[in-house]
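Open the structure in your viewer and keep the selection tool at hand. Each stop below names what to select and then says what is there.

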Amino acid sequence: DPTEEDEDEEDDEDAVSEFYNAPVAAAEEDVEEIPPLVTSSRTSSPTLEAADFARPAPDTKVPGLDRRWCTAVAAGPFARYAKFFLREFGVEQALNVDDVEISDGDEEAQALERAVYVSEATGLPCVAEFTVLEVEALEAGARELLPRAAAAYRVPNVEEAQTTRLLERLATVSPGERRTRFVACCAFHDAAKNASLAARAETRCDLRSATALTAMTARTEAFQGVLQALCEDPREDKAVEDLTFEFFEARRERALAGPRPAAPGAEAFRERLRNEARVLTNGNVDVSAFVGSVVDVALLDEAAAELRRRLGPDVTDAATKILTTGVSGQQLALPLARLMSVPLVACRREAAGAGAVANAMGRGAYADALDVTYRSKHYGPGQQLYLPRDALSEDDVVLVVDDFLASGSCQEAMFRLVARAGARPAGLAVLVEKTFDGGRDFLSAWPVPVASLAAIVSVDNGYIELLEEDDSFDDVGVLDFGDAEDDTVFGLDFLPVGGDP
């Protein structure tokens, strides 16, 4: 009957129209207050329940940020987005917990329970998200041909790799117009105030257009919705006080323009440098009265603490090991490694062809060593650095530490050792920088920050002239390696083991 067929077609068109044109409220309009919730005994996180888990400190470490929150969001691009978007609201991401497991509940309940669980475990406010992928079932005719592929799918707690595999497989056996949607819910909870808010967002599209990026769209809308709702909270007892949007760079510049906190480690070191260091006939600066031959341990402890502050958490929290060479370098590296709770690795420096492998002990320790050659302004050409091959791994992010930065050749050689081991450099920390020797410029090919306690601009006539502290190179910026799996960081291709630059 043609009339019945026309009616069936109209019904199908109406169903499609209803799906795509159904009202999807903006995240900020779909925000509602959530009553107090107690987390289920089935909620767990290996990260938070690890025996060595320590609550993150509530004090911020980044200039311009005045509060710290945790997040419980999917690892990968969205976790990085959450970190940097929170900064626009003056919030530092203290910790992201991406392994919270919850047994049941819809997406809104799951997001809220995650936020409550993490906030109670860490003592900090938390923003959590939970995203679901839904793919409609195919009609009966298609199901007879491909019953498994034609079924409806609902994938909770969407992960990028899992989502990509499923969508690619379904795309090969499904019509392109098969309807899909991503439903994302974000929830905020502060255990200290027992205050909660939640937001929901949806993204709908054809299967041929659905990607992990589509899920990212829903997630970001819900995440932004929660933060906007917190800013516009009309209640007298707000969930968060004085939360406003402002670009992070503006916040940071304003914070750095204000009075700087006292840096006793830097000031004490600079004072010793002025009073006790001496300029040798070859232009080198001798600091052996307090570093090297005679070690002022308390001074180096304070110096290490100040260098850690100047490098900032984006460097010191990312670093997994410290690499140094020489006695003086180790004297600074030891207290810094202790403060950062990371292992210290020392490479050995010798003249090429006559050093570490010239005796029986050296042959045993460095039989399978990585080595690089460089020209030293102080020791001359043909210098070599040796590093046992298993001292660093591909998973390591390495902070290089030394006493002086002059021409930069020794530090650049240590960067090459890091690269040949397959690891990544996190930055460079030195006690003294001799700006007139051009070491910072020489190292500019390596996209890492450099921090120093004192910068010498001249040693003319045996007099040490220091750069004023307000003009020194202590603003090292932000370093974020992300989750890249290749060997490229900031456009720099690291060399494989076995080849020099």
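A residue is called buried when its relative accessible area is under 20%, exposed when it is over 50%, and partly exposed in between, with a 1.4 Å probe and protein chains only. The model is predicted, and local features need pLDDT of at least 70, side-chain atom pairs count only at pLDDT 80 or more, while totals for chains, interfaces and linings use all residues. Residues are numbered from 1 along each chain as its sequence is written, and side-chain values use heavy atoms, with hydrogens and water left out.

Select Arg416 and Glu412 to begin. Both are buried. They sit four residues apart in helix 15 (residues 409–420), about one turn of the helix. Helices (H or I, at least four residues) and strands (E, at least two) are DSSP runs, numbered from the N terminus. The side chains of Arg416 and Glu412 form a salt bridge, 3.0 Å from N to O. A salt bridge here is a side-chain nitrogen of Lys or Arg within 4 Å of a carboxyl oxygen of Asp or Glu. By this rule the model has 25 salt bridges.

Next, select Lys83 and Asp314. Their side chains meet in a salt bridge of 3.2 Å, N to O. Lys83 belongs to helix 3 (residues 77–87) and Asp314 to helix 12 (residues 313–316), so this pair links distant parts of the chain, 231 residues apart. Lys83 and Asp314 are both buried.

Now select Glu134 and Arg181. The closest N and O atoms of this salt bridge are 2.6 Å apart. Because Glu134 lies in strand 4 (residues 126–135) and Arg181 in strand 6 (residues 179–190), the pair ties together parts that are 47 residues apart in sequence.

Which residues have the most contacts inside the largest nonpolar core? Select Trp69, Leu133, Phe188, Phe223, Leu227, Leu230 and Leu243 to see them; the core has 41 residues. A nonpolar core is a set of buried Ala, Val, Leu, Ile, Met, Phe, Trp, Tyr and Cys residues joined through side-chain atoms within 4.5 Å. Among the elements that give two or more residues to this core are helix 7 (160–173) and strand 7 (195–206). Helix 8 gives the most, with nine residues. In soluble globular proteins, nonpolar side chains tend to be buried together.

Finish at Asp237, in the loop between helix 8 (212–231) and helix 9 (248–257). Asp237 counts as exposed because its relative accessibility is 57%.
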